[in-house]
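Reader: I have a structure open and want to learn how to read it. Can we go through it feature by feature?

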Amino acid sequence: MNIIIVGCGRVGRSIAEQLNAEGHSITVIDRKAKALDKLTDTQNVMTIVGNGATYGILKDAGIKDCDLLIAVTAADELNLYTCLIAKNAGVDATIARVRNPEYIHDVEHIKDHLKLSLAINPEYTCAREMARLVKFPGAVQIASFAGGMIDLITVRIEEGSPLSDKRVADCSSLFKGGVRISLIERDGSCYIPNGDFELHVGDLMSFSAPSAAAAKLLRTLGHISSRPRSVMILGGSKIAFYLSRILREAGVSVKIVERDMQRCEELSEDLQNVMVIYGNAMDESILVSEGIDRADGVVCLMNNDEENVLASLYARKVNPNARVITELGNTKFSSIYATLPLDSVIRPKQLTGESIVRYVRGMQNTVGSNVETMYKINGGEVEALEFRVREESAVTGKPISQLNLKSMLNIVCIGRNKRVILPTGSDTIEVGDTVIVITKHRGLSDLRDILK
């Protein structure tokens with residue numbers, strides 16, 4: 001597909017990298033030549049220096065042959081205007097980044113009125129992900145499929161866990177209610193396990209299950225003890241704003257520590273029943289006096305990755321029972337961060353890129369079956385994909401044991417008529433099903449791609 005991206009900040013760069021890896025023809029527009037040079041140093045993409053909100057620049061970028069335009073500059077209004085120009089130029093699909101909290105209730109109206117294909121808010125998406133993690137202590141990552149009916153939850157196998165040193169096939173006695181171990185991450189590598197695979201302390205284990213069964217298993221493993229009552233947020237970013245609102249609506253007490261006085265005043269005006277503390281979150285005495293050792297959750301959202309990592313490690317030291325979540329803006333050094341004892345790491349730019357890649361894969365195949373949901377695991381080495389089966393094909397109506405499936409791929413769940421099936425070799429895929437696949441193959445856009 002021919003894709004134009006307007007804006008080459010961190011989000012635009014991340015989107016360009018992910019879509020380029022998918023094999024699309026990418027043109028990126030930005031006013032800053034340095035930002036574009038940084039991108040072309042590592043990516044095979046076309047770049048144009050200029051204002052992407054003008055028809056002349058868009059024409060130079062090939063707007064007449066464009067399949068999708070993505071506007072992700074720092075200004076919401078400019079993104080919306082750029083998409084409007086693209087629509088008038090004949091582009092069928094447009095995506096705009098809309099981040100301003102004042103627009104949160106108007107996004108759907110704006111989307112419909114301007115005929116946007118997708119309106120994305122990286123900070124709000126991130127906040128929702130973090131809120132889910134806060135509610136499930138012990139879960140490193142939570143991915144939901146089939147409208148929330150099926151969860152893929154990643155936990156770390158701790159010392160003393162009933163799963164340690166057990167074969168996957170021998171864990172069924174703990175898995176009441178239908179649970180399947182789908183993926184193991186160990187020493188930076190990912191494994192799609194068979195029944196003989198042995199679990200070890202330190203492994204990151206991902207299991208798929210109906211939502212109710214997943215919660216029961218987390219309790220069995222000791223990862224859920226009680227509902228969180230208090231959360232401390234370090235840094236007053238837009239993500240902090242959205243997260244505070246979500247947590248307050250769930251009845252959680254929230255305290256924000258922010259070093260900028262003006263931002264403190266803004267948050268105090270916009271957030272009801274949230275305590276905003278003016279202070280440096282890297283000051284140990286402030287964190288202690290505000291009760292970091294007593295919080296049920298600590299979320300590190302400062303504008304500096306190194307500070308977020310240090311604050312997270314400190315929080316784990318003084319409060320081992322707290323759920324600690326760390327925001328990382330830089331996608332580099334992932335292998336180093338993976339070696340640190342961090343509970344959960346969230347990368348906003350990566351989440352945004354994933355949502356757009358998911359949409360693009362859906363565009364590539366609008367009939368039959370296409371990607372409804374997608375999550376990247378272990379830096380993109382593994383993908384968890386949800387397909388909706390819309391018509392009969394080579395994968396429907398046959399026992400799974402008779403399908404010539406690719407290696408390093410596993411059909412982990414089938415959703416059918418509000419029922420979750422953990423498939424065996426005798427089960428079949430039928431029209432109307434939701435099928436969840438975990439694979440080390442990249443770029444699957446149709447369920448038929450699971451076949452050799």
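Reader: Start with one residue. Which residues is Ile 233 in contact with, leaving aside its neighbours within four places in sequence?

Author: This is a predicted model, so keep that in mind. Look for partners further along the chain. Ile 233 is in contact with Ala 240, Leu 243, Ser 244, Val 254, Lys 255, Ile 256, Val 257, Val 299 and Leu 301.

Reader: How many residues does the largest nonpolar core have?

Author: General idea first. In soluble globular proteins, nonpolar side chains tend to be buried together. Here, the largest nonpolar core has 50 residues. Ile 233 is among those with the most contacts inside it, and so are Met 130, Leu 199, Met 205, Phe 207, Leu 243 and Val 299. Helix α8, residues 238-249, gives the most to this core: seven residues.

Reader: Over how many bridges do β1 and β4 pair?

Author: Four. β1 covers residues 2-6 and β4 covers residues 68-71, and they pair in the parallel sense. Ile 5 stands opposite Ile 70 in β4.

Reader: Now the rings. How many aromatic pairs does a search of the whole structure find?

Author: Four. For each pair, read a distance and an angle. Tyr 124 and Tyr 242 are edge-to-face, 5.4 Å centre to centre with 70° between the planes. Tyr 124 lies in helix α6 (residues 122-135) and Tyr 242 in helix α8, so the pair ties together parts 118 residues apart in sequence. Ring pairs link these two and Phe 241 into a cluster.

Reader: Is Tyr 242 buried or exposed?

Author: Buried, with a relative accessible area of 1%. Tyr 124 is partly exposed, at 28%.

Reader: Why is the pair of Tyr 191 and Phe 197 called tilted?

Author: Its planes are at 45°, so it counts as tilted, with ring centres 5.6 Å apart. Tyr 191 is partly exposed at 36% relative accessibility. Phe 197 is buried, at 15%.

Methods:
Residues numbered from 1 in each chain as written. Predicted model: local features only at pLDDT ≥ 70, side-chain atom pairs only at ≥ 80, totals over all residues. Heavy atoms only, no water. Pairing = 2+ DSSP bridges. Helix = DSSP H or I, 4+ residues; strand = E, 2+ residues; numbered from the N terminus. Core = buried A, V, L, I, M, F, W, Y, C linked by side-chain atoms within 4.5 Å. Buried < 20%, exposed > 50% of the residue type's maximum accessible area, 1.4 Å probe, protein only. Contact = heavy atoms within 4.5 Å. Phe/Tyr/Trp six-rings, centres within 6.5 Å; stacked < 30°, edge-to-face > 60°.
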